[in-house]
Structure formats: structure tokens, C-alpha cells
Amino acid sequence: MSTQARGLNNFISDLRNAKSKEEESNRVEVELAKIRTKFNPGDAKLAADGSNPSLSSYQRKKYVWKLVYIHVLGYEVDFGHAEVLTLVRSKKQSEKTVGYVALSLLLRGSDPVMGTIVDTMKKDLTTAPNASGKKKKGSIKNDAVQCLALCSLANISGLELIQAMHVEVQHVLVSKTSTEQVKKKSALCLLRLTRTSPNLVSGREFAPHIGQLLQDTHLGVLTSVMSLLNGLASQHSSDYESLIPHVVHILSVLVMKKQCAREYLYYRTPSPWLQIKLLKFLQLYPNAVEGHDIGMGGNEHVNQLINVVSRIIFETDVSDSINKSNADHATLFEAVNLIVAWGTTCPVAMREGAMKLLGKFISVREPNIRYLGLMTMAKLAQIEGSVEGAKTHQATVLVSLKDADISVRRRALDLLFVICDTDNAERIVDELVAHLVVADASIREEMVLKIAILAEKYATDLRWYVDTILKLISISGDNVSDSVWHRVVQIVTNHPQGDLQGYAAATLFVAASPHRCHETTVRVAAYVLGEFGFLIAERPGMSGEEQFHVLHQHWFNVSTKTRAILVSTYAKLANLYEECRPLVAPVFARSKNSSDVEVQQRCVEYSSMREAFSPESVEDLLREMPPFEDKRRSALELRLLEKEGEDSAAVTKASTPSEVEQQRALQSAEMLSNPPIEEEMEPIEEQEDETDMEEPDNLQESQEQAFDVAGEEPPENISEDVVQNGSVDPTVVGIPKELIPAMRKAFSNLCTSPSGVLFENTLLQVGVKHEYVGAQGRISVFFGNLHSSALKNFKVKVDQPDHLRMQMQGTQDLLDDGEYDSVGCTVATKTQAKLLVLVEVTAPFDDAPSMRITFETEEGVQHDYPLRLPLVATCFMEPVNLDPGAFMQRWKSLEGPDRECQEVLKLPAASGIDE
């Protein structure tokens, strides 16, 4: 054999003896050129399939083996495919073996030449082994060829090849003439094919065949079939539920009777890998034991299954052999995972026994066992009624939190997170905060996130929650993400009951008073004092002026992001306290030229606000923020989900609302439904008189505010269609005042983004998508019906100013042409009407064109919505690209008198800056 492979051996020796990567590469290039010449000589005539018929069997095998070795080394091999296919078609087993190995490595299912080999592979798969077991000289051993074909098909697994071959693979798997080796290979091959094409096998039709295979006595076949069954059942579990009795029977034979072939005993444990696969399959059916009277004449396989799992849980002995211990523990943990999957349907005694067993595991010295014990206990503790058993091991878990292994510390943190409730929350949180001081940097961020979630979920007094977050910031401020302090602000804002807001303001005032404090503290203090600082302004040493000085001492030490928050706080302080205005004005004046665009813009806008708007408008703009929207999942829970995934026990725990959270939500709902009455109600007669005398035109006022979205005055005829004889038509509904802020924000966003929602309420959603090239633009407007019934007489009228040339087309009868008999269109529920506007700007302009939407509901209520299209001058602006030379030329052209300015600023003595 060595003589026949002498050329291959020499080539491999040369590569191994190469002293550098360059020398090896040169040797490979020389060999590739030689092989290419042998495969395609210029003076020889090639066969129809592109192979060289003049090559001998030895030469073809030798050169293909070299190509395989070169490919394994990582070099690209893009020729020789015809020779590989020639070897696969050969009737000699030695050639066919080389061909299939090369086919698996050098070709892919998408290669065009694969279509020419399908018939050969089908023939190799379906050829039955010799019944006599004898073979003539030179013939091929059929089961070996079948295995080669199955391995190659599994490795290549192209979609076209799968569609052509999967029926033959299934036939070989279920055939009674297939040997055990072929059945194992075909089961694993079919598993690989179903992973590539999930809907390849019909579960209802194939389940009986799997049942027949599970009756095989060969444990190797059973192990491969269980791998296939787990893969199929994970995709369509209901189709294979009927196989549970077969699986339970096999598991009972291995665990209860210890029947196993000698070659499948692993340190006296019967086939632990098969036991694990069987238990994993049963975990896919958590309701398998539900509704059965265990031990009382229920289903036989259910009683048998309970006995098997109990045997694994209660009678697994600890072994001195590490290998046997690992095998037994692997089976044991899978049995506990099965109990976790059963949940509350599992017998209580079995759950308690599993919890006691895990309590032993988390106290052993072996870190792997301790890791698995902590992780499994966290899953088991999520079952209703099991957390009390896990809480008895709280002291042991706290010890594991200080383990040298980072992975064990993470699992201990997860378990503490799961077993935390109202009774032990303060102790666990205090322990975690104390441990945070000495914790590694690699786990600090995770600890901070979970402490914040626990403090929020189980805080019976939200003042303790605020104190806890401030401790986190002071201990590990760099690991406190924005979502943590954003959540503090949200909770303080959303809970006006009690003295939480005043307490938070006073606590943060004290926390921000030192000259050196973490920047996150400054951010939280700036926001809370800007919103609720007025609640403590009457206290000694906490006036508005003092609040400004406490915050402003950090101005020069914080980032521009924090400065932007401080600017907004200064504006609110100046609005509330006269004494703060002289202090705030110089800050705004200096920061108007800030290099940060956000700080600069805020300072410019806040400085000019009082000149542009009335005092009442400024007061309204700078009033405290409304409550935040309570989403199903907070930002902290979403961040935890992103870090750990949906299957994590901590994520499941965080997404389940605690009793404290439910009570808190109920109180907030009551506050919203029954707001406090600040003034006594006047007599009804007086109210009616005042209403008759001073009733405001609410519709017209809301229409005017809606047109003011773009900062323009409303048209004079804003209510000509809805105001008749000096009074408002009561059946016409306009835009409510509470939607005006959201409309302004939506309009501003659309001025800088290519698409978005312009307006939305419970009836209608208006979406806009626009794009611009030079002076021309294309605007698509979509009107979606969100109502449960159709919107009738739906009309849209778009203003066409002189500076814009417009062309419009849309849904039939959508456009309002101004004629009296225009009926409009009907927008069915959950459908859209569309409007396309082609626009060209002809002159400079400073206002956005108006768009009026009118429609009628099935109840006969008329709606009139005045909006503005986000069509502003900046939409038509394009950047100018300049190379460095042209830029410098323009820059130097700005030199000259009155074009340069230098200003020297002198800091005041009380600025707090060291000279």
C-alpha cells in the first residue's frame, strides 16, 4: 500500500518539511499545476464528461487524493470535478471510496455537475446487500457503498439534490434488508436533510415508520433514530406524540432492567447517551402526565414513566469514578429538566426530591456540578410552589456568588434573581449591592441590571427603590446604563401619589451637592430637579437658586450629552424662579456657539422662546412632563432579554409581574380614572350661564393649533365648512387638543426622515413617504382606516401655493375638486386610500402646504382634520462635495475686515473652576 501511495506520501512529507508558509504555498502551486496538466493535457482527447481517459486508476486516485489534501489545508481547488465524478461512477470499491470522499469535500449541492451524479447515487443507495453475504473478487460491498453515498449526501445537502434523493433515503431507513450500519447512517443523513429543508417529511405519515424502528434491538440504531426523532419532533411535536409509549418502554428497559449490550455499557451505565436523547424527547411533551391518576390505574406508560424518573432521581449513587459520575449526572440533570418541563403537573414529592438533590449539588466542590445545579434549580424554582424549597438554600447560593469561576457566579446571580420575592427582596438586594463593591468588572453590568429590576419589582416603598439606584450609581456608576436611570425618572414621574417626587428631588439634590459625583447622578438630578424641584424649593437651602448652583458646578466636568439635559433644566428653573434668570442667561449666551449641535440648538431655542411666544405659551411649553407610557416590557427587561435570550430563567422571572407591581398598576389606574378634585364645583345654574356666555369655539381652536404644527398662521377660512351662522356644527369633530403635541413631533420628524406617520388616532392613520432630487419631489400619502367600520365621503384637499407646481393623482374620488356635488371615496376597514403628489419648487418659500381631510363615519359623525404636508425648504437642499483644495480656497475667501471676531471670556469668581 505504501508503494502505491508513494507519490502522495512524498508530497505530504514535502509540505510538512516546509520551513515557511511561502515555501509550502509554492510547493502547492507547483503540484496544482502538475495535476492540472495531467487532467487536461493539450494533445489528448478528453471524454464526454471532461475526464482524461488515458489516466490509470492509480494515477486518478493519487491526484484526487492530493487535491483533497490540498483542500483540507485551506487552499482553493476549483478543478478536477470530472475526475471525481468518474471515480464515483466506477464499479471498483477503492475508486468509489476515493470518489465519494472527494465529492463530499470538493463539490457543493449548487454545482451544475451535481445533476449528472444523481442517478449513480440513487443506484448506490437502492442496491440491496448480497443476501448470501459472499462477494466475488473485485465486487463491491453494498452496505459500504450505501454508507458512502449517505455520508456524501449529508455533507453536500443541496436543495435540488435533497428533493431528488430524500425518498430513497427514507426507503433505505425503513427497509428490512438494510443493515444496522446503513440504518444508522440513513437516520443521521435524513436528520441533516430535514434541517436544511424542514418540511421534507410528513410527520403523520412517517411516525408509524419511526415506531417500527424504535422496536429495533440494536442500541446503535435506536440512538441514531432518537437523534432523528428529536429533530423532527422539535419542528412538529404533535405529529409524534403517539411515540411516547415506545420511548418510555426503551427508557424503562435501560433504567429499570439494566438490559444493554456490553459494547454500549459506559462504566456500568447502560448507554447514557441514549437515555439523554429519550429524556430530551419527553421534555417536548410537558402535558404527558397531566390528567392521569398516577398509581391509581391510569395509563400504564405514564405510571412506568413516573417510576423511571423517580428511580433516576432518588437512586442515582455517587461514584468514585469521574467518568461514571459524569454519565450518571448527565442523565440525572436531564431527568430534572423533564420535571421542570412537566411543571405543576409533576407530583409534588418528585419536585421536592429534585430540589433537595439540587441543594446537594450546589454545595459540592466540583464547579461543573455546581454550575449545572444552580442553573437547573433556577429553572425548577419557576414552577409554582417550588420557590420556597429553593429559598432554603439562599445562604449556599450567596456563597456561590463569591466563587472563583465567573460562570458559577453568573448562575448564582440568576438563581438569586429567580428566588427573590417580597419577603426576601430587601435582604437579597442589600447582599447584591454589598457584593457589587468587590465584584469583577465582567459581571458588574449584569448585577446592576438585575438589582435594578428586583428593586423595582418588589419595592413596597418606592423611596427604597430610589435609594437603591443611587447606591448603584455611587458604587458602580460606569456600569449603570442609560436604561436604568431612564427607568428611575419614569417611575418617579408616573407616581405622583404620596411624597415620592418630593423625596426623590430632595435626595438627588443632596447626592449632586458634592463637587465630585458620578455623571449619571448629575443626569438624574438634573431631570428630577427640573421637573419636581419646585416641591422642595421652600425648604431651607434648597431654593431654585441653590438648585441651579448645585447643578451648574458640574457643567465643565460632564459630557455634552449631560450638558444638553442641564440646559433644559436651566430653562425650567428660569421659568419658575425669577432669581434664576440672570444666572441662566449668560450660560445660554456662551453656549449658543457650542461645538455640540444639540447644546447649541437648545440654548438658541430657549433664549428666543420668550421673544417668540407669549408668557402663557412659554409656561405651557416648560411645564412638567406628562406621565410616561407604561409598556408591556420596560427598557430594563428588554435589555435583559437582549443579553440572555428568551429561554433564560431570569428573563421569564422579569417578564412576570409581581404582586407589588400589580398593586402599583391598580393604584395608577385608579388615579387616572378618579383624578383628585382641586376645586369645588360651582352651582349648575351658574355653570350653564357662563357656558352660554363664554363657550369657546373648541373645534376652531383645535383646528388652529393643528395648522400651527409648521409654525404658520392658519388660513382665514379654516372653519368655513364647519362653522355656520356663528356657531359650530355639533356633528363635526376636529382634532383634539391632546393630539397637537404628537402632531408637532411627527411633523418635525418627517421633515428630516424619508417616511413616517404624520397623524394617527383611533379612526385614521396618515403616513407619508417622500423623496427629492434637486428642485423636484415625489410625495406618497397613505390614509389608513383604523376604525371597525368604513369611512364614507372621504375627501382630501391639498393647498397649491404659487411657489410650488403640483401634479396629484390618487384613489378614485379621493381628491376634493371644490365642487359641491363631490361625494368622495369610501375607505373600507383595514384598507388604505393613496395620494401621489409630484411637486416642483419654483421660488423660495417659508411655509408648508396645507392638507385638509374630511370624512364621515357610519354613525353619521363628520370629521374635519386640517394638516400640513412635511414639505419645507430644507427638503430641496443638497450637500456640496468639496475636495480639500476647493474648501481651503473658499475658506480663505472669507478673510477680510468685519469677518473675524475674537472674544475673551472671564469666568466669574464663583464658577468653581480651579485656575
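Residues are numbered from 1 along each chain as its sequence is written. Because the model is predicted, local features need pLDDT of at least 70 and side-chain atom pairs count only at pLDDT 80 or more, while totals for chains, interfaces and linings use all residues; side-chain values use heavy atoms, with hydrogens and water left out.

The protein contains 38 helices and 14 strands, taken as DSSP runs numbered from the N terminus (helices: H or I, at least four residues; strands: E, at least two). Of its 915 residues, 46% are buried, where buried means under 20% relative accessible area, exposed over 50%, and partly exposed in between (1.4 Å probe, protein chains only). The accessible surface amounts to about 49100 Å², and carbon and sulfur atoms hold 50% of it; areas come from the Shrake-Rupley method with a 1.4 Å probe, and for residues only the protein chains shown count as cover. Among contacts (heavy atoms within 4.5 Å) with a separation of 6 or more, 68% join residues 24 or more positions apart.

The search of the whole structure returned 0 disulfides, a disulfide being a pair of cysteine sulfur atoms within 2.5 Å. For Cys 875, the closest cysteine sulfur is in Cys 751, 6.0 Å away and therefore too far for a bond. Cys 875 is buried at 12% relative accessibility, and Cys 346 is likewise buried, at 2%.

Finally, the largest pocket has a volume of about 2700 Å³. On a 1 Å grid over the protein atoms alone, a pocket is an open set of points where a 1.4 Å probe fits, with protein on both sides within 12 Å along at least five of seven lines; lining residues have an atom within 4 Å of a point. Its lining comprises 50 residues, with Leu 621, Met 625, Pro 741, Arg 744 and Lys 745 nearest the centre. Elements giving two or more residues to this lining include helix 31 (615–621) and helix 37 (740–750), while helix 30 gives the most, with 7 residues.

Definitions and conventions
Grid points are joined across faces, edges and corners, and a volume is the space filled by probe spheres set on the points.
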